[in-house]
Amino acid sequence: MQINFTNIFPSYELIDCGNGKKLERFGNIVLIRPEITASNKPHLTYKDWKDMANAEFIETSKNSGYWNIFKDFEKPWYIEYKDEQIYIKACLNLTQSKHIGIFPEQVLNWNFIKSISKNYQNIKFLNLFGYTGLTSVAAAPFSKTITHIDSIKKVVDWTKLNAKNSGFDNIRAICEDAPKFVEREIKRKNKYNAVILDPPPIGVGANNEKWILNKMLDKLLKNISILLEEKSFVIMNSYSHSLSENAINTMIEENFPNHKTTLNEKIFGLSKYGNTIDHGIFIHLES
Ligand SMILES: C[S@@+](CC[C@H](N)C(=O)[O-])C[C@H]1O[C@@H](n2cnc3c(N)ncnc32)[C@H](O)[C@@H]1O
């Protein structure tokens with residue numbers, strides 16, 4: 001499915017993409033960042049891009065590099081997502097990786113949380129690999145507590161800031177290794193109505209535990225299934241370059257036999273000029 005995210009998230013715009021880069025607007029700030037899936041030819045020239053952009057991230061090695069600032073601006077800066085039930089004030093900043101504190105395509109999951117929440121009262125959420133907590137903030141109006149897990153202290157603090165700025169005090173943001181936390185919750189006999197997970201292909205836990213998606217996802221999903229209440233839902237994002245779609249589908253069928261898959265689709269972000277970038281697969285399961 002191709003989606004122009006500006007239609008559902010007006011503060012964000014994919015203006016153009018191609019030649020391994022993307023040109024995006026976050027509020028009033030325009031950035032050029034590397035994008036491995038932008039394999040087409042861009043619509044505009046690189047000069048057009050530079051004239052529009054405030055800054056460009058130059059990658060020097062995988063996941064690190066530096067920002068070239070073309071037009072200086074105040075940092076951090078803030079953008080909002082608002083509908084009749086969800087309010088998110090996202091604090092954004094340039095970091096030493098190309099990321100800036102938001103994955104705007106997650107708006108699809110925010111909308112799903114809003115619609116499925118009608119069938120529940122006070123959902124107990126667990127958000128694993130939660131980054132700066134914007135999906136936790138989206139879930140906050142529908143929940144007594146959201147338990148948010150990430151292994152990097154800086155992004156856990158960033159989550160607390162996003163929660164506070166958005167007016168929520170029900171997000172428990174914890175710096176821990178996601179698989180270990182799940183194992184501990186099983187021992188503590190805790191249960192959840194909803195588990196959200198956006199596992200990276202490779203990661204590091206809070207105590208340097210190794211996370212390798214294609215070797216560890218199956219066990220994590222098995223453990224998550226133990227944590228789920230009978231009436232529950234799961235939201236998962238996955239990037240097929242490290243695990244095949246077939247392998248993921250088999251894991252889902254085996255670990256969640258009582259859930260039906262209501263979404264399992266590759267999502268492409270559509271630019272203003274009609275070219276696309278790949279956001280991987282979005283999976284929604286409901287019992
Ligand atoms: C792709 S991001 C998640 C984006 C998030 N869903 C959002 O919408 O903002 C992956 C996150 O996983 C975290 N991470 C990596 N390995 C981890 C581990 N072993 N335990 C917990 N978090 C981990 C990283 O710090 C990073 O914040």
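Q: What makes a residue of the shell around the ligand nonpolar, polar or charged, and how does the shell divide?
A: Ala, Val, Leu, Ile, Met, Phe, Trp, Tyr, Cys and Pro count as nonpolar, Asp, Glu, Lys and Arg as charged, and the others, Gly among them, as polar. By this rule the shell divides into 11 nonpolar, 7 polar and 4 charged residues. The model is a predicted one: local features require pLDDT of at least 70 and side-chain atom pairs pLDDT 80 or more, whereas totals for chains, interfaces and linings use all residues. Residue numbers start from 1 along each chain as its sequence is written.

Q: How do you know that a residue surrounds the ligand, and which are the closest?
A: A residue is near a molecule if its C-beta atom, placed from the backbone, lies within 6 Å of it. The ligand is surrounded by 22 residues, the closest being Phe129, Tyr131, Ser151, Asp198 and Gly203. Two or more shell residues come from each of helix 3 (134–139), strand 10 (143–150) and strand 13 (202–204); helices (H or I, at least four residues) and strands (E, at least two) are DSSP runs numbered from the N terminus.

Q: What makes strand 1 and strand 11 edge strands of the sheet?
A: Two strands pair if DSSP finds at least two bridges between them. The open sheet has 8 strands in the order 1-16-17-15-12-9-10-11, with mixed pairing. Strand 1 (2–3) and strand 11 (171–175) each have a single partner strand, so one side of each lacks a neighbour in the sheet.

Q: How do you know that strand 9 and strand 10 pair, and in which sense?
A: DSSP gives 5 bridges between strand 9 and strand 10, in the parallel sense, and the threshold is at least two, so the two strands pair. The chain passes from strand 9 through helix 3 to strand 10 in a right-handed β-α-β crossover (clockwise from the first strand over the helix to the second, with the strands pointing away from the viewer). Strand 9 also pairs with strand 12 (residues 192–197) in the parallel sense, over 4 bridges, and leucine 128 stands opposite leucine 197.

Q: Why is phenylalanine 129 classed as it is, and what is its phi?
A: Phenylalanine 129 has 18 C-beta neighbours inside 10 Å and is therefore partly exposed. This residue lies in the loop between strand 9 and helix 3, and its phi is positive, about 60 degrees, although it is not a glycine. Most residues other than glycine have a negative phi.

Methods
Buried ≥ 20, exposed ≤ 12 C-beta atoms within 10 Å, placed from the backbone.
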